[in-house]
Amino acid sequence: MAKRTVNIGLSLGADICWPIAYESLFEGLKLDGMEVDGSSLDFACERVTIEPFSLHQPVKYDVVIDRLTHWYSTSREWIKKAILVDDLYVYNNPWSLQSNEKHTSYAAMTRLGLPVPETWMLPPKAYDPSDDLEPTLRKYARMFDLNEIGDKIGYPFFMKPYHGGGWKGVTRINDAADLHRAYDASGTEVMNLQAAILPHDWFVRCVGLGPQIRPVNYDPGAPLHDRYRMDINFLDADDVSVLRDMTMTINAFFGWDFNSCESLRRDGIWHPIDFANACPDSQVTALHYHFPWLIKANLRWSIFCAATDRPMRRNMDWGPFYEVADRDISPREKLREYAKIADERFETEKFREFCLTKLGHLDELAYDFFGSPTLRDAIHQKVEALFPAHEIEEFTELFWNRIQTWREQEGQHGDKDGF
Ligand SMILES: Nc1ncnc2c1ncn2[C@@H]1O[C@H](COP(=O)(O)OP(=O)(O)OP(=O)(O)O)[C@@H](O)[C@H]1O
Ligand SMILES: [Mg+2]
(Lines give C-alpha, C1' and ligand atoms only; values in the text may rest on other atoms or scores of the structure.)
(Ligands and ions follow the chains in the order given, each with its own letter.)
Protein backbone atom coordinates (compact mmCIF):
# COMPACT_ATOMS: atom_id res chain seq x y z
CA MET A 1 0.00 0.00 0.00
CA ALA A 2 1.28 3.48 -0.90
CA LYS A 3 2.43 5.52 2.08
CA ARG A 4 2.17 9.27 2.36
CA THR A 5 2.76 11.82 5.11
CA VAL A 6 0.12 14.47 5.43
CA ASN A 7 1.37 17.83 6.70
CA ILE A 8 -0.76 20.48 8.35
CA GLY A 9 0.68 23.94 9.01
CA LEU A 10 -0.58 26.47 11.51
CA SER A 11 0.05 30.04 10.35
CA LEU A 12 -0.28 31.94 13.60
CA GLY A 13 -0.02 35.40 15.09
CA ALA A 14 -0.89 36.27 18.67
CA ASP A 15 -2.74 32.98 19.09
CA ILE A 16 -1.84 31.11 22.27
CA CYS A 17 -4.56 28.83 23.57
CA TRP A 18 -6.19 27.28 20.51
CA PRO A 19 -2.95 26.00 18.91
CA ILE A 20 -2.03 24.29 22.20
CA ALA A 21 -5.42 22.58 22.31
CA TYR A 22 -5.32 21.73 18.61
CA GLU A 23 -1.80 20.28 18.75
CA SER A 24 -2.46 18.26 21.91
CA LEU A 25 -5.56 16.64 20.45
CA PHE A 26 -3.94 16.20 17.04
CA GLU A 27 -1.22 14.17 18.70
CA GLY A 28 -3.63 12.34 20.98
CA LEU A 29 -5.70 11.17 18.02
CA LYS A 30 -2.80 8.94 16.88
CA LEU A 31 -3.80 9.20 13.28
CA ASP A 32 -0.74 7.50 11.75
CA GLY A 33 -1.64 4.53 9.60
CA MET A 34 -5.08 5.87 8.62
CA GLU A 35 -6.14 4.29 5.34
CA VAL A 36 -7.71 6.67 2.84
CA ASP A 37 -8.28 5.91 -0.84
CA GLY A 38 -5.83 3.02 -0.85
CA SER A 39 -3.00 4.93 0.84
CA SER A 40 -1.68 4.62 4.34
CA LEU A 41 -1.27 8.08 5.82
CA ASP A 42 1.00 9.44 8.51
CA PHE A 43 0.21 12.85 9.96
CA ALA A 44 2.37 15.79 10.99
CA CYS A 45 1.48 19.24 12.25
CA GLU A 46 3.76 22.21 12.84
CA ARG A 47 3.71 25.98 13.08
CA VAL A 48 4.58 27.84 9.90
CA THR A 49 7.53 30.23 10.23
CA ILE A 50 7.92 33.58 8.49
CA GLU A 51 11.01 33.89 6.31
CA PRO A 52 12.19 34.95 2.85
CA PHE A 53 11.06 32.58 0.12
CA SER A 54 11.66 32.00 -3.58
CA LEU A 55 8.86 31.33 -6.03
CA HIS A 56 10.46 27.92 -6.47
CA GLN A 57 10.73 27.04 -2.79
CA PRO A 58 8.85 23.79 -2.26
CA VAL A 59 5.98 23.77 0.24
CA LYS A 60 5.51 20.64 2.26
CA TYR A 61 2.08 21.42 3.69
CA ASP A 62 -1.13 19.89 2.39
CA VAL A 63 -3.29 22.21 4.48
CA VAL A 64 -2.58 25.49 6.21
CA ILE A 65 -4.87 26.95 8.85
CA ASP A 66 -4.13 30.62 8.54
CA ARG A 67 -4.62 33.48 10.99
CA LEU A 68 -2.45 36.10 9.31
CA THR A 69 -3.57 36.59 5.73
CA HIS A 70 -5.98 39.41 6.49
CA TRP A 71 -3.28 41.76 7.75
CA TYR A 72 0.21 40.33 7.14
CA SER A 73 1.03 40.58 3.48
CA THR A 74 4.19 38.41 3.44
CA SER A 75 2.19 35.44 4.71
CA ARG A 76 -0.66 36.24 2.35
CA GLU A 77 1.66 36.25 -0.66
CA TRP A 78 3.37 33.07 0.55
CA ILE A 79 -0.02 31.42 0.79
CA LYS A 80 -1.14 32.63 -2.62
CA LYS A 81 2.10 31.40 -4.15
CA ALA A 82 1.72 28.05 -2.37
CA ILE A 83 -1.82 27.60 -3.73
CA LEU A 84 -0.81 28.52 -7.25
CA VAL A 85 2.50 26.67 -7.42
CA ASP A 86 2.33 23.92 -4.81
CA ASP A 87 -1.36 22.90 -4.62
CA LEU A 88 -1.78 24.00 -1.04
CA TYR A 89 -5.23 23.94 0.57
CA VAL A 90 -5.74 26.86 2.91
CA TYR A 91 -8.57 28.29 4.85
CA ASN A 92 -9.70 30.85 3.92
CA ASN A 93 -9.37 31.70 0.21
CA PRO A 94 -6.87 34.59 0.29
CA TRP A 95 -8.05 36.28 -2.93
CA SER A 96 -11.58 36.32 -1.68
CA LEU A 97 -10.52 37.73 1.68
CA GLN A 98 -8.46 40.42 0.07
CA SER A 99 -11.07 41.59 -2.37
CA ASN A 100 -14.48 40.98 -0.81
CA GLU A 101 -15.08 43.63 1.78
CA LYS A 102 -17.98 43.66 4.17
CA HIS A 103 -19.78 45.92 1.72
CA THR A 104 -19.23 43.45 -1.14
CA SER A 105 -20.72 40.72 0.99
CA TYR A 106 -23.82 42.89 1.59
CA ALA A 107 -24.12 43.40 -2.15
CA ALA A 108 -23.76 39.73 -3.04
CA MET A 109 -26.24 38.51 -0.45
CA THR A 110 -28.73 41.20 -1.46
CA ARG A 111 -28.55 39.86 -5.02
CA LEU A 112 -29.18 36.33 -3.71
CA GLY A 113 -32.31 37.66 -2.00
CA LEU A 114 -31.20 37.54 1.64
CA PRO A 115 -32.83 40.24 3.81
CA VAL A 116 -29.74 42.42 4.28
CA PRO A 117 -30.96 45.71 5.82
CA GLU A 118 -31.02 48.82 3.62
CA THR A 119 -27.36 49.86 3.30
CA TRP A 120 -25.75 52.97 1.77
CA MET A 121 -22.15 53.89 1.13
CA LEU A 122 -20.82 57.44 1.52
CA PRO A 123 -17.72 58.96 -0.07
CA PRO A 124 -15.23 59.76 2.70
CA LYS A 125 -15.38 63.04 4.56
CA ALA A 126 -11.63 63.67 4.21
CA TYR A 127 -8.82 62.52 1.92
CA ASP A 128 -5.10 62.01 2.02
CA PRO A 129 -3.62 64.35 -0.56
CA SER A 130 -2.78 62.87 -3.97
CA ASP A 131 -2.08 64.32 -7.43
CA ASP A 132 -5.37 63.26 -8.95
CA LEU A 133 -7.59 64.09 -6.02
CA GLU A 134 -8.52 67.68 -6.76
CA PRO A 135 -9.38 67.25 -10.48
CA THR A 136 -11.32 64.06 -9.78
CA LEU A 137 -13.47 65.50 -7.05
CA ARG A 138 -13.93 68.87 -8.76
CA LYS A 139 -15.20 67.21 -11.92
CA TYR A 140 -17.18 64.28 -10.57
CA ALA A 141 -17.95 64.44 -6.87
CA ARG A 142 -21.55 65.53 -6.53
CA MET A 143 -22.71 67.52 -3.56
CA PHE A 144 -25.19 65.54 -1.54
CA ASP A 145 -27.61 66.18 1.25
CA LEU A 146 -26.78 64.00 4.22
CA ASN A 147 -30.15 64.72 5.87
CA GLU A 148 -31.96 63.36 2.84
CA ILE A 149 -30.05 60.08 3.01
CA GLY A 150 -30.71 59.85 6.75
CA ASP A 151 -34.43 60.32 6.15
CA LYS A 152 -34.47 57.69 3.41
CA ILE A 153 -32.85 55.07 5.64
CA GLY A 154 -34.91 56.07 8.68
CA TYR A 155 -33.58 56.50 12.22
CA PRO A 156 -32.02 54.82 14.06
CA PHE A 157 -29.33 53.31 11.86
CA PHE A 158 -25.67 52.38 12.12
CA MET A 159 -22.63 54.02 10.60
CA LYS A 160 -19.75 51.59 10.19
CA PRO A 161 -16.60 51.19 8.08
CA TYR A 162 -17.30 49.43 4.80
CA HIS A 163 -14.57 46.88 5.43
CA GLY A 164 -15.58 45.97 8.99
CA GLY A 165 -12.98 45.35 11.60
CA GLY A 166 -13.47 44.56 15.23
CA TRP A 167 -16.21 47.05 16.05
CA LYS A 168 -13.97 50.01 15.33
CA GLY A 169 -15.74 53.17 14.16
CA VAL A 170 -19.28 51.76 14.57
CA THR A 171 -21.80 54.39 15.72
CA ARG A 172 -25.49 54.20 16.35
CA ILE A 173 -27.12 57.18 14.67
CA ASN A 174 -30.33 58.37 16.30
CA ASP A 175 -30.97 61.63 14.45
CA ALA A 176 -29.60 64.08 11.91
CA ALA A 177 -27.34 65.74 14.47
CA ASP A 178 -25.72 62.36 15.25
CA LEU A 179 -25.31 61.71 11.57
CA HIS A 180 -23.44 64.97 10.92
CA ARG A 181 -21.29 64.51 13.99
CA ALA A 182 -20.33 60.95 13.06
CA TYR A 183 -19.67 61.78 9.41
CA ASP A 184 -17.50 64.76 10.37
CA ALA A 185 -15.52 62.50 12.69
CA SER A 186 -15.13 59.68 10.17
CA GLY A 187 -12.12 61.27 8.44
CA THR A 188 -10.72 59.25 5.53
CA GLU A 189 -12.70 56.11 6.44
CA VAL A 190 -15.29 55.01 3.87
CA MET A 191 -18.54 54.42 5.70
CA ASN A 192 -21.70 52.40 5.29
CA LEU A 193 -24.98 53.53 6.73
CA GLN A 194 -27.16 50.57 7.58
CA ALA A 195 -30.77 50.48 8.74
CA ALA A 196 -31.00 49.14 12.29
CA ILE A 197 -32.73 45.86 12.96
CA LEU A 198 -34.15 47.12 16.23
CA PRO A 199 -35.69 45.87 18.30
CA HIS A 200 -34.65 42.28 17.61
CA ASP A 201 -35.47 39.24 19.70
CA TRP A 202 -32.29 37.31 18.85
CA PHE A 203 -28.73 38.25 17.97
CA VAL A 204 -26.90 35.15 16.82
CA ARG A 205 -23.32 34.76 15.78
CA CYS A 206 -23.22 31.59 13.74
CA VAL A 207 -19.74 30.14 13.43
CA GLY A 208 -19.11 28.05 10.32
CA LEU A 209 -16.14 25.74 9.90
CA GLY A 210 -16.40 23.75 6.69
CA PRO A 211 -19.92 22.30 6.79
CA GLN A 212 -20.10 22.49 10.59
CA ILE A 213 -21.99 25.34 12.19
CA ARG A 214 -22.57 26.55 15.71
CA PRO A 215 -25.19 29.23 16.34
CA VAL A 216 -24.25 31.17 19.46
CA ASN A 217 -26.50 33.56 21.33
CA TYR A 218 -24.48 36.77 21.22
CA ASP A 219 -24.70 39.84 23.42
CA PRO A 220 -22.67 42.62 21.80
CA GLY A 221 -23.23 44.95 24.76
CA ALA A 222 -21.64 42.62 27.31
CA PRO A 223 -17.95 42.72 28.33
CA LEU A 224 -15.73 40.69 25.96
CA HIS A 225 -15.68 37.57 28.10
CA ASP A 226 -19.49 37.46 28.27
CA ARG A 227 -20.51 38.22 24.69
CA TYR A 228 -20.78 34.58 23.67
CA ARG A 229 -23.66 33.40 25.84
CA MET A 230 -23.71 29.84 27.11
CA ASP A 231 -27.22 28.88 26.00
CA ILE A 232 -27.67 25.68 24.06
CA ASN A 233 -30.74 24.58 22.12
CA PHE A 234 -32.15 28.09 22.40
CA LEU A 235 -33.56 28.14 18.86
CA ASP A 236 -36.12 25.90 17.27
CA ALA A 237 -35.22 23.64 14.35
CA ASP A 238 -36.55 26.04 11.70
CA ASP A 239 -34.42 28.91 12.94
CA VAL A 240 -31.33 26.72 13.12
CA SER A 241 -31.98 25.52 9.61
CA VAL A 242 -32.27 29.09 8.26
CA LEU A 243 -29.08 30.12 10.04
CA ARG A 244 -27.26 27.06 8.79
CA ASP A 245 -28.37 27.63 5.22
CA MET A 246 -27.40 31.30 5.37
CA THR A 247 -23.99 30.67 6.89
CA MET A 248 -23.23 27.84 4.47
CA THR A 249 -24.38 29.95 1.52
CA ILE A 250 -22.21 32.92 2.47
CA ASN A 251 -19.17 30.79 3.20
CA ALA A 252 -19.45 28.68 0.05
CA PHE A 253 -20.12 31.75 -2.09
CA PHE A 254 -16.95 33.47 -0.90
CA GLY A 255 -14.72 30.44 -0.40
CA TRP A 256 -14.49 30.95 3.36
CA ASP A 257 -13.98 27.73 5.31
CA PHE A 258 -13.98 29.51 8.65
CA ASN A 259 -16.17 32.52 9.15
CA SER A 260 -18.86 33.79 11.45
CA CYS A 261 -22.13 35.37 10.37
CA GLU A 262 -24.10 37.69 12.60
CA SER A 263 -27.84 37.72 12.13
CA LEU A 264 -30.62 39.53 13.95
CA ARG A 265 -34.16 38.20 14.14
CA ARG A 266 -37.05 40.63 13.97
CA ASP A 267 -40.66 39.60 13.36
CA GLY A 268 -39.51 36.05 12.66
CA ILE A 269 -37.07 37.08 9.91
CA TRP A 270 -33.32 36.65 10.19
CA HIS A 271 -31.37 39.63 8.84
CA PRO A 272 -27.65 39.07 8.26
CA ILE A 273 -25.71 42.22 9.28
CA ASP A 274 -22.07 41.21 9.56
CA PHE A 275 -20.67 38.21 7.78
CA ALA A 276 -17.24 38.98 6.45
CA ASN A 277 -15.14 37.95 9.42
CA ALA A 278 -11.91 36.66 7.97
CA CYS A 279 -10.34 35.59 11.20
CA PRO A 280 -13.11 34.69 13.64
CA ASP A 281 -12.64 34.62 17.40
CA SER A 282 -10.72 31.51 18.36
CA GLN A 283 -9.48 32.47 21.79
CA VAL A 284 -10.68 30.82 24.94
CA THR A 285 -11.08 34.25 26.52
CA ALA A 286 -13.85 35.04 24.02
CA LEU A 287 -15.29 31.61 23.29
CA HIS A 288 -14.88 29.88 26.70
CA TYR A 289 -17.85 27.43 26.75
CA HIS A 290 -17.80 27.14 22.94
CA PHE A 291 -14.01 26.74 22.71
CA PRO A 292 -14.08 22.91 22.70
CA TRP A 293 -16.58 22.92 19.83
CA LEU A 294 -14.28 25.13 17.79
CA ILE A 295 -11.18 23.04 18.44
CA LYS A 296 -12.98 19.83 17.53
CA ALA A 297 -14.54 21.34 14.42
CA ASN A 298 -11.17 22.69 13.37
CA LEU A 299 -9.48 19.32 13.85
CA ARG A 300 -12.17 17.46 11.92
CA TRP A 301 -12.17 19.82 8.97
CA SER A 302 -8.40 20.26 8.66
CA ILE A 303 -7.72 16.53 8.99
CA PHE A 304 -10.43 15.77 6.44
CA CYS A 305 -9.05 18.30 3.96
CA ALA A 306 -5.50 17.00 4.37
CA ALA A 307 -6.31 13.29 4.34
CA THR A 308 -8.61 13.43 1.33
CA ASP A 309 -6.31 15.79 -0.57
CA ARG A 310 -9.20 18.22 -0.95
CA PRO A 311 -8.44 20.52 -3.88
CA MET A 312 -8.48 24.26 -3.29
CA ARG A 313 -11.20 26.06 -5.22
CA ARG A 314 -9.09 28.75 -6.82
CA ASN A 315 -11.94 30.86 -8.11
CA MET A 316 -15.38 31.60 -6.75
CA ASP A 317 -17.59 30.22 -9.57
CA TRP A 318 -20.69 32.23 -8.72
CA GLY A 319 -22.73 31.09 -11.72
CA PRO A 320 -24.75 28.35 -9.98
CA PHE A 321 -25.83 30.74 -7.20
CA TYR A 322 -27.03 33.30 -9.75
CA GLU A 323 -28.99 30.62 -11.60
CA VAL A 324 -30.89 29.86 -8.41
CA ALA A 325 -31.31 33.57 -7.63
CA ASP A 326 -33.02 34.06 -10.99
CA ARG A 327 -35.49 31.21 -10.53
CA ASP A 328 -39.11 31.91 -9.72
CA ILE A 329 -39.19 30.28 -6.29
CA SER A 330 -39.67 31.64 -2.77
CA PRO A 331 -36.77 33.18 -0.81
CA ARG A 332 -36.70 30.20 1.58
CA GLU A 333 -36.59 27.74 -1.32
CA LYS A 334 -33.76 29.72 -2.87
CA LEU A 335 -31.85 29.61 0.37
CA ARG A 336 -32.29 25.84 0.48
CA GLU A 337 -30.98 25.57 -3.06
CA TYR A 338 -27.94 27.72 -2.26
CA ALA A 339 -27.27 25.54 0.76
CA LYS A 340 -27.35 22.46 -1.49
CA ILE A 341 -24.62 24.02 -3.63
CA ALA A 342 -22.73 24.78 -0.42
CA ASP A 343 -23.11 21.19 0.79
CA GLU A 344 -21.69 19.97 -2.50
CA ARG A 345 -18.78 22.37 -2.33
CA PHE A 346 -18.03 21.53 1.28
CA GLU A 347 -18.51 17.79 0.56
CA THR A 348 -20.80 17.50 3.57
CA GLU A 349 -21.73 13.83 3.05
CA LYS A 350 -18.17 12.68 2.45
CA PHE A 351 -17.06 14.69 5.47
CA ARG A 352 -19.74 13.18 7.70
CA GLU A 353 -18.70 9.70 6.65
CA PHE A 354 -15.03 10.53 7.25
CA CYS A 355 -15.75 11.82 10.76
CA LEU A 356 -17.76 8.70 11.58
CA THR A 357 -15.24 6.20 10.28
CA LYS A 358 -11.90 7.90 10.98
CA LEU A 359 -12.44 10.33 13.84
CA GLY A 360 -14.93 8.51 16.03
CA HIS A 361 -12.49 8.57 18.93
CA LEU A 362 -12.23 12.38 18.98
CA ASP A 363 -15.20 12.91 21.34
CA GLU A 364 -13.82 10.84 24.18
CA LEU A 365 -10.31 12.17 23.75
CA ALA A 366 -11.60 15.74 23.77
CA TYR A 367 -13.72 15.09 26.84
CA ASP A 368 -10.58 14.09 28.74
CA PHE A 369 -8.37 16.79 27.28
CA PHE A 370 -10.74 19.63 28.18
CA GLY A 371 -10.50 18.53 31.80
CA SER A 372 -6.70 18.26 31.79
CA PRO A 373 -3.91 20.36 33.37
CA THR A 374 -2.59 21.08 29.84
CA LEU A 375 -5.82 22.84 28.97
CA ARG A 376 -5.87 24.70 32.25
CA ASP A 377 -2.35 25.91 31.62
CA ALA A 378 -3.26 27.01 28.07
CA ILE A 379 -6.13 29.08 29.50
CA HIS A 380 -3.77 30.55 32.06
CA GLN A 381 -1.27 31.55 29.38
CA LYS A 382 -3.91 33.29 27.32
CA VAL A 383 -5.42 35.08 30.31
CA GLU A 384 -1.96 36.17 31.42
CA ALA A 385 -1.39 37.75 28.01
CA LEU A 386 -4.61 39.76 28.10
CA PHE A 387 -5.68 40.51 31.67
CA PRO A 388 -4.18 42.68 34.43
CA ALA A 389 -2.17 40.76 37.02
CA HIS A 390 -4.80 40.89 39.75
CA GLU A 391 -7.44 39.28 37.49
CA ILE A 392 -5.40 36.40 36.09
CA GLU A 393 -6.40 33.72 38.59
CA GLU A 394 -10.05 34.78 38.71
CA PHE A 395 -10.50 34.69 34.94
CA THR A 396 -8.51 31.51 34.47
CA GLU A 397 -10.91 29.92 36.91
CA LEU A 398 -13.96 31.40 35.18
CA PHE A 399 -13.04 30.11 31.71
CA TRP A 400 -11.95 26.77 33.10
CA ASN A 401 -15.27 26.35 34.91
CA ARG A 402 -17.24 27.21 31.80
CA ILE A 403 -15.38 24.54 29.88
CA GLN A 404 -16.12 22.07 32.66
CA THR A 405 -19.79 22.97 32.20
CA TRP A 406 -19.39 22.17 28.50
CA ARG A 407 -17.93 18.79 29.46
CA GLU A 408 -20.95 18.01 31.62
CA GLN A 409 -23.56 19.30 29.20
CA GLU A 410 -22.15 18.33 25.82
CA GLY A 411 -18.73 16.74 26.02
CA GLN A 412 -19.97 13.59 27.66
CA HIS A 413 -22.32 12.79 24.82
CA GLY A 414 -20.25 13.97 21.88
CA ASP A 415 -21.15 17.58 21.22
CA LYS A 416 -23.49 18.75 18.49
CA ASP A 417 -21.35 19.01 15.42
CA GLY A 418 -23.83 21.14 13.52
CA PHE A 419 -23.88 19.39 10.19
N1 LIG B 1 -28.02 46.83 11.08
C2 LIG B 1 -27.84 46.73 12.38
N3 LIG B 1 -28.89 46.59 13.22
C4 LIG B 1 -28.71 46.49 14.57
N5 LIG B 1 -27.49 46.52 15.15
C6 LIG B 1 -26.41 46.70 14.36
C7 LIG B 1 -26.52 46.78 12.95
N8 LIG B 1 -25.28 46.93 12.44
C9 LIG B 1 -24.44 46.94 13.49
N10 LIG B 1 -25.10 46.80 14.65
C11 LIG B 1 -24.51 46.77 16.00
O12 LIG B 1 -23.16 47.22 15.94
C13 LIG B 1 -22.25 46.17 16.26
C14 LIG B 1 -21.03 46.24 15.36
O15 LIG B 1 -21.41 46.17 13.98
P16 LIG B 1 -20.79 45.09 13.02
O17 LIG B 1 -20.90 43.76 13.64
O18 LIG B 1 -21.37 45.25 11.68
O19 LIG B 1 -19.29 45.64 12.98
P20 LIG B 1 -17.87 44.93 13.22
O21 LIG B 1 -16.86 46.01 13.20
O22 LIG B 1 -17.72 43.84 12.29
O23 LIG B 1 -17.96 44.35 14.64
P24 LIG B 1 -17.34 43.00 15.17
O25 LIG B 1 -16.07 42.74 14.44
O26 LIG B 1 -17.18 43.25 16.63
O27 LIG B 1 -18.38 41.94 14.89
C28 LIG B 1 -23.07 44.89 16.10
O29 LIG B 1 -22.57 43.87 16.92
C30 LIG B 1 -24.46 45.36 16.53
O31 LIG B 1 -24.55 45.41 17.93
MG1 LIG C 1 -19.90 42.18 14.07
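Which residues does Asn298 touch, not counting residues up to four places away in sequence? They are Tyr22, Ile65 and Leu209, where a contact means that the C-beta atoms of two residues, placed from the backbone, lie within 7 Å. This is a predicted model, in which local features need pLDDT of at least 70 and side-chain atom pairs count only at pLDDT 80 or more, while totals for chains, interfaces and linings use all residues. Residues are numbered from 1 along each chain as its sequence is written, and chains are lettered from A and ligands numbered from 1 in the order in which they are written.

Asn298 and Leu209 lie 89 residues apart in sequence, but their C-alpha atoms are 6.8 Å apart in space. Asn298 counts as buried because 24 other C-beta atoms lie within 10 Å. The term buried asks for 20 or more other C-beta atoms within 10 Å of the residue's own, exposed for 12 or fewer, and partly exposed covers what is in between, with C-beta atoms placed from the backbone. Asn298 belongs to helix H10. Helices (H or I, at least four residues) and strands (E, at least two) are DSSP runs, numbered from the N terminus.

The chain is divided into domain 1 (2-99), domain 2 (118-195) and domain 3 (202-413); such bounds come from an automatic or database domain assignment. Taken over C-alpha atoms, the centres of domain 2 and domain 3 are separated by 32 Å.

One open sheet has five strands in the order S2-S3-S1-S4-S5, with mixed pairing. Two strands pair if DSSP finds at least two bridges between them. At the edges are strand S2 (34-36) and strand S5 (89-91), each of which pairs on one side only. Neighbouring strands of this sheet are turned by 30 degrees against each other on average, direction ignored. Helix H10 (residues 291-307) packs on this sheet, touching strand S1 (2-11), S2, S3, strand S4 (63-66) and S5. The direction of H10 makes about 150 degrees with that of S4. Axes here are lines fitted to C-alpha atoms, for helices over the stretch in contact, and angles run from 0 to 180 degrees between N-to-C directions. S2 and strand S3 (residues 39-47) run antiparallel and are joined by three bridges; Glu35 has Ser40 in S3 as its bridge partner.

A further open sheet is made of four strands in the order S6-S9-S7-S8, with antiparallel pairing. Strand S6 (119-122) and strand S8 (171-173) each have a single partner strand, so one side of each is left without a neighbour in the sheet. On average, neighbouring strands of this sheet are turned by 25 degrees against each other, direction ignored. Five bridges pair S7 with strand S9 (residues 191-195) in the antiparallel sense; Lys160 stands opposite Asn192, and Pro161 has Met191 as its bridge partner. Three bridges, also antiparallel, link S7 to S8, where Ile173 is the bridge partner of Phe157. Four of the five residues of S7 are buried. Helix H7 (residues 176-185) lies across S6, S7 and S8 and runs at about 150 degrees to S8.

Strand S10 (residues 202-209) pairs with S12 over eight antiparallel bridges, with Val204 opposite Ser263. S12 in turn pairs with S13 in the antiparallel sense over five bridges, and the bridge partner of Glu262 is Asp274 in S13. S12 and S13 form a hairpin with two residues between them, and in the turn Asp267 has a positive phi of about 50 degrees.

The ligand brings several of these elements together. Domain 2 and domain 3 both give residues to the shell around ligand 1, so the ligand lies between them. Of the 17 residues around ligand 1, those that come nearest are Phe158, Gly164, Trp167, Pro220 and Asp274; a residue is near a molecule or strand if its C-beta atom, placed from the backbone, lies within 6 Å of it. Strand S7 (157-161), strand S12 (258-266) and strand S13 (269-274) each supply at least two residues of the shell. The shell divides into 10 nonpolar, four polar and three charged residues, where Ala, Val, Leu, Ile, Met, Phe, Trp, Tyr, Cys and Pro count as nonpolar, Asp, Glu, Lys and Arg as charged, and the others, Gly among them, as polar.
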